[in-house]
Amino acid sequence: MRISLSERIDALSSPVPRAPAGRRSPRASRVLTCPALLLWAALAGTPVFAAPPAPPLEPEKTLSTAEILGAVVRIHVQTVANARSASSAGRERHGTGVVVEPGGLILTSALLVQEADAIVVTTLDARTVPAAVAAHDPALGIAVLRPAAPLGVRPLSVGRSAMLAPRAWVSVASAALHRTVSVAEVIDKRDFANEREFLVEDAIFTAPVVPECAGAALVDGTGKLIGIGALAVKEVRGPEAAFGPGNVFIPVERFLPALSRLARADGSSGPRRPWLGLVTRTSDTGLVVTDVPPDSPAERAGLRVGDAIAAVDGTPVRTHAELYRSVWRTGVPGTAIRLTIRRDGTTREVRIRAIEVQDYLIHRARLTMGTSPA
């Protein structure tokens with residue numbers, strides 16, 4: 001019998017049934033009468049045999065490097081010709097996907113497959129299969145791909161990252177350019193926000209860096225999936241010091257509740273979040289606009305490079321995380337959001353009508369039956 005990913009995930013959070021308080025189960029009643037039965041059996045001369053001891057619990061199997069590599073696939077993405085995300089991510093992209101369901105569904109980075117026109121996945125045994133975006137959640141940063149044919153790949157089991165602590169050792173499985181399983185160290189666990197309205201809550205920071213980490217599998221000591229690669233950063237900082245270049249991973253606890261929904265592969269997506277098209281950097285004067293994407297809500301509202309954002313709907317913001325959370329709290333796409341900005345020494349208010357990021361990007365990712373794009 002095949003158990004789907006959504007059923008396995010639902011089982012992780014299912015409560016253990018308990019007998020109602022104050023009531024004794026029939027089994028409990030039988031246990032209480034056991035001494036009387038034994039006495040009767042002894043008097044009757046019937047031999048009594050003790051129940052065989054329970055077999056010892058087998059230690060959890062640790063996956064080998066080959067088994068971990070067998071569960072990840074190389075992803076080759078060619079975007080549409082006029083992809084708006086090409087300016088920051090390029091038209092041709094390489095990344096990793098993790099097979100998470102016996103039917104072959106693949107978990108990967110949502111940023112990797114933005115505006116994809118053709119997607120091809122390659123297994124460990126060099127089989128190439130076209131794939132399409134079945135579901136995505138830009139807010140979480142993950143996407144699920146459906147291959148056009150069975151992959152015949154054994155999926156990775158889903159683990160837990162909550163117990164990870166700084167200085168813990170983990171492994172990173174990547175298939176973007178070369179198939180590797182690298183040993184890494186957990187440097188920190190905290191929120192991560194970059195300049196393009198992207199926030200990973202409770203992100204896992206690791207070092208040394210794996211350059212092509214989009215969609216890479218972060219696995220624990222037994223080979224269970226505990227995170228999905230988001231991006232590489234120039235410097236990761238721990239509680240006490242900086243460690244140089246490293247990676248940011250989305251922890252499994254952040255996308256586990258949504259994974260059963262995404263794994264249904266019905267084109268569903270996560271909560272609709274308002275998007276403004278802000279590109280900013282932190283400074284002593286606040287969050288300064290460094291780019292205004294063409295035809296974005298920010299451009300339509302008249303925002304300029306050099307504007308400093310001071311507040312969202314009257315709430316002061318000084319960090320990227322504060323800015324994004326304040327914007328997301330205002331409502332759904334279509335909401336008019338009031339920004340307080342400083343420009344040329346004066347303070348003014350600007351109203352921006354938010355949209356959904358997918359309404360700005362071209363999210364096509366059609367399923368093609370050809371070979372890998374050139």
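Q: Which strand is joined to strand 9 by 7 bridges, and which way do the two run?
A: Strand 8 (residues 180–193) is joined to strand 9 by 7 bridges, and the two run antiparallel. For the terms, strands pair if DSSP finds at least two bridges between them, while helices (H or I, at least four residues) and strands (E, at least two) are DSSP runs numbered from the N terminus. This is a predicted model, in which local features need pLDDT of at least 70 and side-chain atom pairs count only at pLDDT 80 or more, whereas totals for chains, interfaces and linings use all residues. Residues are numbered from 1 along each chain as its sequence is written, and side-chain values use heavy atoms, with hydrogens and water left out.

Q: What stands opposite Arg-190 in strand 9?
A: Ala-203 is the residue opposite Arg-190 in that pairing. The hairpin of strand 8 and strand 9 has 5 residues between the strands, and Glu-197 takes a positive phi there, near 55°.

Q: Why is strand 9 called largely enclosed?
A: Strand 9 (residues 199–207) has 7 of its 9 residues buried, so the rest of the structure largely encloses it. Buried here means under 20% relative accessible area, exposed means over 50%, and partly exposed is in between, with a 1.4 Å probe and protein chains only.

Q: And which strand does strand 9 pair with over 3 bridges?
A: That is strand 12 (residues 246–251), which pairs with strand 9 in the antiparallel sense over 3 bridges. Within this pairing, Thr-206 has Asn-247 of strand 12 as its bridge partner.

Q: Where's the cis peptide bond?
A: The cis bond joins Ala-207 and Pro-208, with an omega of about 5°. Pro-208 sits in the loop between strand 9 and strand 10 (217–219), and Ala-207 is the residue at which strand 9 (residues 199–207) ends.

Q: OK, changing topic: what order do the strands of the closed barrel run in?
A: The closed barrel has 6 strands that run 1-2-3-6-5-4, with antiparallel pairing. Strand 3 (residues 106–109) and strand 6 (residues 142–147) are joined by 4 bridges and run antiparallel, and in strand 6 it is Ala-143 that stands opposite Thr-108.

Q: Where is Ala-126 placed?
A: Ala-126 is in the loop between strand 4 (116–122) and strand 5 (128–137). Its phi is near 70°, a positive value in a residue other than glycine.

Q: Is that one buried or exposed?
A: Ala-126 is exposed, since its relative accessible area comes to 60%. Asp-313 is another residue that is not a glycine but has a positive phi, in this case of about 50°. Asp-313 lies in the loop between strand 15 (308–312) and strand 16 (315–316), and with a relative accessible area of 33% it is partly exposed.

Q: What does Ser-171 contact, leaving aside its neighbours in sequence?
A: Setting aside residues within four places in sequence, Ser-171 is in contact (heavy atoms within 4.5 Å) with Val-181, Ser-182, Ala-217, Leu-218 and Val-219. Ser-171 belongs to strand 7 (residues 169–174), and its relative accessibility of 19% makes it count as buried.

Q: How far apart in space are Ala-232 and Glu-212?
A: They are 7.5 Å apart, C-alpha to C-alpha, although 20 residues separate them in sequence. Ala-232 lies in strand 11 (residues 225–233) and counts as partly exposed at 35% relative accessibility. Not counting residues up to four places away in sequence, Ala-232 touches Val-209, Val-210, Pro-211, Cys-213, Gly-246 and Asn-247; Asn-247 is also the bridge partner of Thr-206.

Q: Which residues of helix 8 are buried?
A: The buried ones are His-320, Ala-321, Leu-323, Tyr-324, Ser-326, Val-327 and Trp-328. With 7 of the 10 residues of helix 8 (residues 320–329) buried, the helix is largely enclosed by the rest of the structure. Gly-331 follows helix 8 and has a positive phi, near 145°.

Q: Last one: how many helices and strands does the protein chain come to?
A: The chain comes to 9 helices and 18 strands, and 47% of its 374 residues count as buried. Among contacts with a separation of 6 or more, residues 24 or more positions apart account for 62%.
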